[in-house]
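Dear colleague,

Please find below the structure that I am passing on to you. My findings follow directly after it.

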Amino acid sequence: MNLALPILVPALPALGAAAGLATGRRHPGLARPLAVLPVAVSAVLALVTALQLGTGTALDAATRLAPTGGPEISLALHLDGYSSLISVLVGLVATCVQVYSTAYLKDDPRYPSYAALVSLFTAAMFLVVYSGDLIVLLVGWEVMGICSYFLIGHHWETADARGASLKAFLVTKLGDVPFLFGLFLLGADAGTFRITEVLRTAAAGGLQHPTLIALLLLAGVAGKSAQFPLHTWLPDAMAGPTPVSALIHAATMVAAGIYLVARLLPVFLQSSAALLVLAVMAAVTMVGSALCALAQDDLKRVLAYSTVGQLGYMAGALASGDRQAAVFHLVAHGAFKALLFLTAGVVIHAAHTNSIGAMSRIDGLRRRVPDAYWTMGIGLAALVGLPPFAGFFSKESVLTAAEHAAHGEALTGTLGPASAVPAAAGWTVLVAGLLTALLTAAYATRLWLVAFHSAPGAAPVAVPADAPYSPEIDEADPAHAEPAAMRWPLWVLAVPALGFGLLGLRTDWLPALLDGEPLSPAVTTMALGTGAALAGVLAGYAAWRTAAARATAGLPATAGQPATAGQPATDPGRLLLGPLYGPAQHGFGVDRLYTALFVRPTAAAARLVRFLDRAVVETYVRGAGAAPGWLGRAVRFAQTGNAQGYLSALLAGAVLLAVLVAVGS
């Protein structure tokens, strides 16, 4: 294979970003071609590279970047089936996002910098996927962090965007600090930062601190991939433009943590304790985020909590020792989640609101945006995991992996000992996964019915012409509900959302591309998972009908619990969650807990330091500076210029000294 092709894949978006930043203000007409063309060419080159590499093969190339006196840092390239598959996903989603953004942010004065940052974001993810050295991978990892900060805060004039961008940066950095130490310790134990050498050492049992390394790395993964307890930044990140949300949730930021664990799974297989921690983390994330999604009224926050839960599925597959299932679900989820966010952008633009409750009262919303209506239906069906959509096959592969682990039959292949996967980890993931399948179907059904299907008896309203616009809503041209550049990416992404899973399982190419293990779902888990999904759909529909009937009769959604501001009276989530509705609506108070435990004490400590600095240290400094001045002024009064006075003082001093000498003797 010509190495120029994979090198160009991350290089082209990076060069496009540099050119966009350099020319954006002076030549704004170049912003769109510089945004779309480099990313699109990279997507094509990623596909060509994957086809040339084929299945069951790997390519490694490296050159020493810097001597360190210890483990060397290499500019290394590692290509295999995993990197090929994920790079194609990144290229596809990034291209669709850039094309979509040309219409969505058509009149935004900051579009050139936005597009350049999206390109840089894409290049950083390509670098993470293709890198064969942990330190070079860390560079892409951190570049994504700073890009997310700027993109989430694109509408910096609003307090929500400023707060969300700062929160995302700080929470992910909180995980990155132990992550960095984990990488250093891993390199020290393995004697190298080259990923292939690290994996060879791990498989041979040569790591001296496998549990500590794995736990330190998991801290960074929890931050990047929004897993409990560092998940709180992702729902708030919805303050950024919707295309940015699609990119973060589908193919870059949050996918990087899952990809890293999949790449380094032999390291984690050396520690049963770390796998159990990962399983518990995934289970809490899955169930908690699904409950929160069921209580949200903001369309994008529902999808954000959905992403957190689906990432929990992937982490659960990794905790079960099956990276094939994790990456399968990562790719399938990337397709349908990008689709869902881009359709959400179209719907928000047409409805002039993010509230799904308000959308239900808009006359003919689904007829106004037919492409978004049908493609969102495809995306939600894939999210629920209904056959034959891609989400069904990938979700069932995760549940099958958990079942195998629960029975001590983890399919780790040549990565490490299957016995290292605790049965408790498998059971934890399996039970949480089935419960999450039920809840996911319920909140997806709720979203679909409440947003697009007016409740019986509800009075439809038209969108007022003078309705106030938030920056998110004002990004697109209000004269057209679905510009072509926002419409065709939906159908492009609908194709893999519908057919990827079926295509991957009907032929042998996907298992051959990965680890060679079968990905067909087990009969037991398929029946349980599909049954849970169907039960969730029926529960969501029944709750919607019941809540709508109560609203028609003038009653609140649930007895004794009136609707709150910003939530529709016909919200079926109230009926399904009951007393959990309030806590779930506010993320079960995790942010408030962190505020009480960390933010307020830190702020109090900062105020104490400020007081000490100003009242003590600064007073001392000022006193030290003023004392010589006072002494100088006192001495100045003695300088009269009278020679007779000086001689008198000298004589008095001599007499005083003589007296002191005489008394002392």
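In this predicted model, the largest pocket holds about 610 Å³ of space. Its lining comprises 27 residues, and those closest to the centre are Leu-47, Leu-85, Val-88, Leu-89 and Trp-509. Two or more lining residues come from each of α2 (31-53), α3 (81-104), α15 (323-351), α21 (484-506) and α22 (509-513). The most is given by α3, with 8 residues. By class, the lining has 21 nonpolar and 6 polar residues, and no charged ones.

Two cis peptide bonds may be of interest to you. One joins Phe-228 and Pro-229, with omega at about 10°; Pro-229 sits in the loop between α8 (210-224) and α9 (233-236). Another runs from Pro-387 to Pro-388, with omega near 5°, and Pro-388 belongs to the loop between α18 (370-384) and α19 (390-406).

His-352 has phi near 60° and is placed in the loop between α15 and α16 (356-359). This histidine counts as buried because its relative accessibility is 17%, under the 20% limit. For Phe-588, phi is near 55°; this residue is in the loop between α25 (581-585) and α26 (590-638). Phe-588 counts as partly exposed, because its relative accessibility of 35% falls between 20% and 50%.

Finally, Thr-23 is part of helix α1 (residues 4-23) and is buried, with a relative accessible area of 18%. Its side chain reaches the backbone oxygen of Ala-19 at 2.8 Å. Leaving aside residues up to four places away in sequence, Thr-23 touches Pro-28, Leu-30 and Leu-34.

With kind regards

Notes
Residues numbered from 1 in each chain as written. Predicted model: local features only at pLDDT ≥ 70, side-chain atom pairs only at ≥ 80, totals over all residues. Heavy atoms only, no water. 1 Å grid on protein atoms, 1.4 Å probe; cavity = no way out; pocket = protein on both sides within 12 Å on 5 of 7 lines; lining within 4 Å. Points joined across faces, edges and corners; volume = space filled by probe spheres on them. Helix = DSSP H or I, 4+ residues; strand = E, 2+ residues; numbered from the N terminus. Nonpolar A, V, L, I, M, F, W, Y, C, P; charged D, E, K, R; others polar. Buried < 20%, exposed > 50% of the residue type's maximum accessible area, 1.4 Å probe, protein only. Polar contact = N/O pair within 3.5 Å; in protein donor to acceptor, adjacent residues only side chain to side chain. Contact = heavy atoms within 4.5 Å.
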